[in-house]
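Subject: Structure handover

Hello,

Here is the structure I said I would pass on. Please open it first, then read the notes below.

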Amino acid sequence: MITVKEYRGHIRNWEALCVKLKIDPTLSREEREPEILKKAYETWGCEMGDHMHGMYAFALWDEEEQTLFCLRDPFGTKPFYYYETEDGALLYGTTIRGIMEQPGFKKELNEEMLQLYLSLTYVAGENTFFKGVKKLMPGRYLIWKNGSYRIERYWKPEFHPDESKSLEDWADEIHTTLKDIMPEVKAADETAEAFLSGGVDSSYVVAMSDVQMTDSCGYEEPRFDESGLAKQTADLLKRGNSRCLITPEQYFDIVPYVMYNMEQPLGDASAIAFAIACRETAKHTKICYSGEGSDEFFGGYNMYRNAERYGENLKTFYVGNTNIMKEDEKQKILKHYDPDVLPIDLAKPIYEETEGLDPLTKMSDVDIQIWLEGDIYLNVDKMSEAAGLEIRMPLTDKRIFDIASRMPSKYKVNEEQNKVAFRTAAAKVLPEEIAFRKKLGFIVPIRIWMADDRYNQDVREKFRSEMAAKFFDVDAIHAIFDDYVGGNSDNWRKVWTIYTFLVWYEEYFVKR
């Protein structure tokens, strides 16, 4: 007998699986998806992940074999954690707080992670800020039997460039594949809305979907506000648009809520805005589309244009999309610095996997395996769950990645443009000025707000606190803050990363 012990997610190709596994397709989703997991395990065993598309993490108990089987989807869109107690029991779940509530858990800070966090601004790799709590990494499964466990990898990004196709061929394949995927993202009896920014990703998803309402957030500061562009796109596509105006007061007030519900600190300033957007959107829908995935798959970041110039030097410094604090800086501000704890060590196995491939592919693979899982997907999952909103990401799909894995880098990035083939595909349903619009990113006016004494008082207080003194040279971090506020540096990311750690630490080790 197979029992579903833990499950979070959405199985995208459920209709095809119901046919293969002889499951009644008229079952409700709440009944259908656990049945799919059980029957898939009975049919394919450890290889069941090869047959599923979607966003998921789960644990199954095999009563006959006395075996626990846990699996996380290929890209890590849903989290899964595990912890071995002192008496040898395995605690597990899709939330850290769920594990903390189980008998045998001992809450201790894993201070080593702070050193990595100050560079990356997120928690990368399998370790967490809670000592002993580990992440089951993407594309892996864990088997627990007879008091011990092993972890196997069932999927990893692999790249095999195909030079035989033209730009238009690749654009056609992207467009056709997305057209096939979109009907799976939502069942016929479900309604959804979609997040919409000024960028091509969310615009393309909206254009390919049947959503009637889009959701955007904006600011009073015009140079940071994409909501006007989003409204233009929504009007063009004849869809409604709901705009959430985010104020600095609202932004700073919600930081403790975000760090608590994130379960680990996250120094991505856009996460706060995203949390507000999720709460506003959840007031009028339970399902919302979002456009994550294509930047990493198809060369969406402007830094990728430097790939060829970096060449083999990538292996010495590129650890993903963010790297804001160097080792000498961390050594100056940390009370406990370990020279053997280096962010680049997280990327070394990925560089070994991509040996012989071009620099852009190496950069993309590092971001797919480290940045996407540790920052983007964690943010999407935790903030949507906290708001009671379910987010589905049509562009995060093995079938979409398969195209990217075969596409030569010259169709991803050139001297003038990034995401060349993807944008060409999007231009089939969007005007060129939208499809080829310069990437803005989900930018936030935090660099202005945090320098303003009307809003930064909690930052000042945290930097001078007793808890800050546990980890930092307080004078050194305040010097960074003063330089930034005084306009002598643009170190707002460093300030924000230290601040978010302190807010998180207060939530989990002071208040609770």
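By class, how many nonpolar, polar and charged residues does the lining of the second largest cavity have? It has three nonpolar, three polar and two charged residues. Please keep in mind that this is a predicted model.

Cavities

Two cavities of 30 Å³ or more turn up when the whole structure is searched. The second largest cavity, the one in the question, has a volume of about 50 Å³. Its lining is made of Met-52, His-53, Gly-54, Pro-74, Phe-75, Thr-396, Asp-397 and Lys-398.

The largest cavity has a volume of about 90 Å³. Its lining consists of 15 residues, and Arg-72, Pro-79, Tyr-81, Glu-373 and Leu-378 are the ones nearest the centre. Sorted by class, that lining holds six nonpolar, four polar and five charged residues. Helix α16 (residues 359-387) supplies the largest share of the lining, five residues.

Second largest pocket

The second largest pocket has a volume of about 520 Å³. It is lined by 29 residues, and those nearest its centre are Gly-125, Glu-126, Met-137, Arg-140 and Leu-346. By class, the lining has 18 nonpolar, three polar and eight charged residues. At least two lining residues come from each of α4 (112-120), β8, α15 (344-353) and α16. The most, five residues, come from α15.

Five of its six residues are buried, so β7 is largely enclosed by the rest of the structure. Strand β3 (residues 67-72) runs antiparallel to β7 and is joined to it by five bridges. In that pairing, Phe-69 stands opposite Ile-143 of β7.

β7 also pairs with strand β8 (residues 148-153), again in the antiparallel sense, over six bridges. Here Tyr-141 stands opposite Glu-152 in β8. β7 and β8 form a hairpin with two residues between the strands, and in this hairpin Asn-146 takes a positive phi near 55 degrees.

As background for looking at any of these strands: in a regular strand, side chains alternate between the two faces of the sheet.

Strands β4, β5 and β6

An open sheet of three strands has the order β5-β4-β6, with antiparallel pairing. β5 (90-93) and β6 (134-135) are at the edges and have a single partner strand each, so one side of each is left without a neighbour in the sheet. Strand β4 (residues 81-84) is joined to β5 by four bridges. Within that pairing, Tyr-83 has Leu-91 in β5 as its bridge partner.

Nonpolar cores

The largest nonpolar core has 169 residues, and the members that touch the most others are Met-48, Tyr-251, Phe-472, Trp-496 and Phe-501. α16 gives the most to this core, with 13 residues. A second, separate core has 11 residues, among them Ala-57, Phe-80, Leu-90 and Trp-144.

Leaving out residues up to four places away in sequence, Tyr-251 touches Ile-246, Ala-269, Ile-272, Ala-273, Ile-276, Val-444, Ile-446, Trp-449 and Trp-496.

Regards

Methods
Residues numbered from 1 in each chain as written. Predicted model: local features only at pLDDT ≥ 70, side-chain atom pairs only at ≥ 80, totals over all residues. Heavy atoms only, no water. 1 Å grid on protein atoms, 1.4 Å probe; cavity = no way out; pocket = protein on both sides within 12 Å on 5 of 7 lines; lining within 4 Å. Points joined across faces, edges and corners; volume = space filled by probe spheres on them. Nonpolar A, V, L, I, M, F, W, Y, C, P; charged D, E, K, R; others polar. Buried < 20%, exposed > 50% of the residue type's maximum accessible area, 1.4 Å probe, protein only. Pairing = 2+ DSSP bridges. Core = buried A, V, L, I, M, F, W, Y, C linked by side-chain atoms within 4.5 Å. Contact = heavy atoms within 4.5 Å.
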